[in-house]
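Dear colleague,

Please find below the structure that I am handing over to you. My notes on what was found in it follow directly after.

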Amino acid sequence: MRTENDTWDIKTSVGSTALFVAAARALEAQKPHPAAVDPYAEVFCRAVGGEWADLLDGGAPEHPLKTEFGNYFVDFQAVRTRYFDTYFEAAAAVGVRQMVLLAAGLDSRGYRLPWPDGTVVFELDQPRVLEFKREALAAHGDAPTAERREVAVDLRNDWPQALRDSGFDPSKPSAFIAEGLLIYLPATAQRQLFAGIDSLAAPGSHLALEESVPLDADAFKAKREEELAGENDRTFYTLVYNEQHAPAHEWFGSRGWWAVATPLPYQLRSLGRPVPEPHSESGVMTGNISLISAIKD
Ligand SMILES: C[S@@+](CC[C@H](N)C(=O)[O-])C[C@H]1O[C@@H](n2cnc3c(N)ncnc32)[C@H](O)[C@@H]1O
């Protein structure tokens, strides 16, 4: 269960969710026609080793990514990666040079996207997550494709100040991303996150985030209890808050941003991936998620 100031590394608590989504990206990259290729996802899995490496070699049959849910989850990560890669390419194309990865986790865009000269990629996450990523990629001989600045901070604290202290310039346009983050924040921290982004974003700034409609409270409680009783093959419901401060496109839309929400099933279909049956666990997850893009007027 979560606590107010909890911390983690890449293998524990919320940190392990970064590894989980990276492993999904690594599995996607092995497909004959991947929707997105993140070659560094495999590097991270092999650096951790054990079941995370076995998974990529056809082993770890009990791993949650090897289930039916796991297959849909890999598709979800594939189309989500493509959506946010396209978002950053568009922001860079119109001259934005400050990219801010909120909850960077094992997002390797600072190493794999072809950033224009002069681009700075700020990566915010807990210190031990950033440390793992830096060391794993350095050991593999990889270098960033932009100037990369780590901002080791908890996003429930004063991250806007930490970002400014790292050289972020709020007078220039920027592009923020919050991919796979909001569910791990209580509603109060989501509100601070939205307000922080809005306060730092100059006109012409871009924002992309992923959001999820909370589950019905009773259903969530039951899922959490199942997990605590060891009846689930993965840890999820004890790590998330099941809270939503506000639908992001409405919150930002009422504060001078043009915001568009794309339902995840639309993104899956548009890239030729299956949409799970709505009442299955994968279907409920998929049906509740939207991908949001916004530009500040
Ligand atoms: C599911 S992962 C997503 C990582 C990355 N954005 C991606 O999509 O690959 C969630 C990430 O959120 C980070 N995170 C969650 N809550 C955080 C907090 N309060 N402060 C800093 N990082 C946080 C975790 O450390 C983890 O890296």
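L106 is buried, with a relative accessible area of 2%; buried means under 20% relative accessible area, exposed over 50%, and partly exposed in between, with a 1.4 Å probe and protein chains only. Please note that this is a predicted model, in which local features need pLDDT of at least 70 and side-chain atom pairs count only at pLDDT 80 or more, while totals for chains, interfaces and linings use all residues. Residues are numbered from 1 along each chain as its sequence is written, and side-chain values use heavy atoms, with hydrogens and water left out.

L106 belongs to the loop between β1 (98–102) and α5 (109–112). Helices (H or I, at least four residues) and strands (E, at least two) are DSSP runs, numbered from the N terminus. Leaving aside residues up to four places away in sequence, L106 touches I10, A18, L19, A22, R25, D38, F44, F132 and K133, where contact means heavy atoms within 4.5 Å. Between L106 and F132 there are 8.9 Å from C-alpha to C-alpha, and the two are 26 residues apart in sequence.

R273 counts as buried because its relative accessibility is 10%. Its contacts, not counting residues up to four places away in sequence, include E28, K31, H33, D75 and L268.

I turn now to the ligand. The ligand is surrounded by 22 residues, of which the closest are W8, R80, A103, D125 and L155; a residue is near a molecule if one of its heavy atoms lies within 4 Å of it. By class, this shell holds twelve nonpolar, four polar and six charged residues. Helix α1 (residues 15–29) gives the most to the shell, with four residues.

Which atoms of the ligand lie 2.8 Å from W8 and A103? For W8, an oxygen atom of the ligand lies 2.8 Å from a polar side-chain atom. For A103, a nitrogen atom of the ligand is 2.8 Å from a polar backbone atom. The protein covers 99% of the 590 Å² of accessible area that the ligand has on its own, by the Shrake-Rupley method with a 1.4 Å probe.

Finally, helix α8 (residues 187–200) has 14 residues and reaches 20 Å from its first C-alpha to its last, close to the 20 Å expected at 1.5 Å a residue. The buried residues of α8 are A189, Q190, L193, F194, G196, I197, D198 and L200.

With kind regards

Definitions and conventions: Polar contact = N/O pair within 3.5 Å; in protein donor to acceptor, adjacent residues only side chain to side chain. Nonpolar A, V, L, I, M, F, W, Y, C, P; charged D, E, K, R; others polar. Expected span 1.5 Å × (residues − 1).
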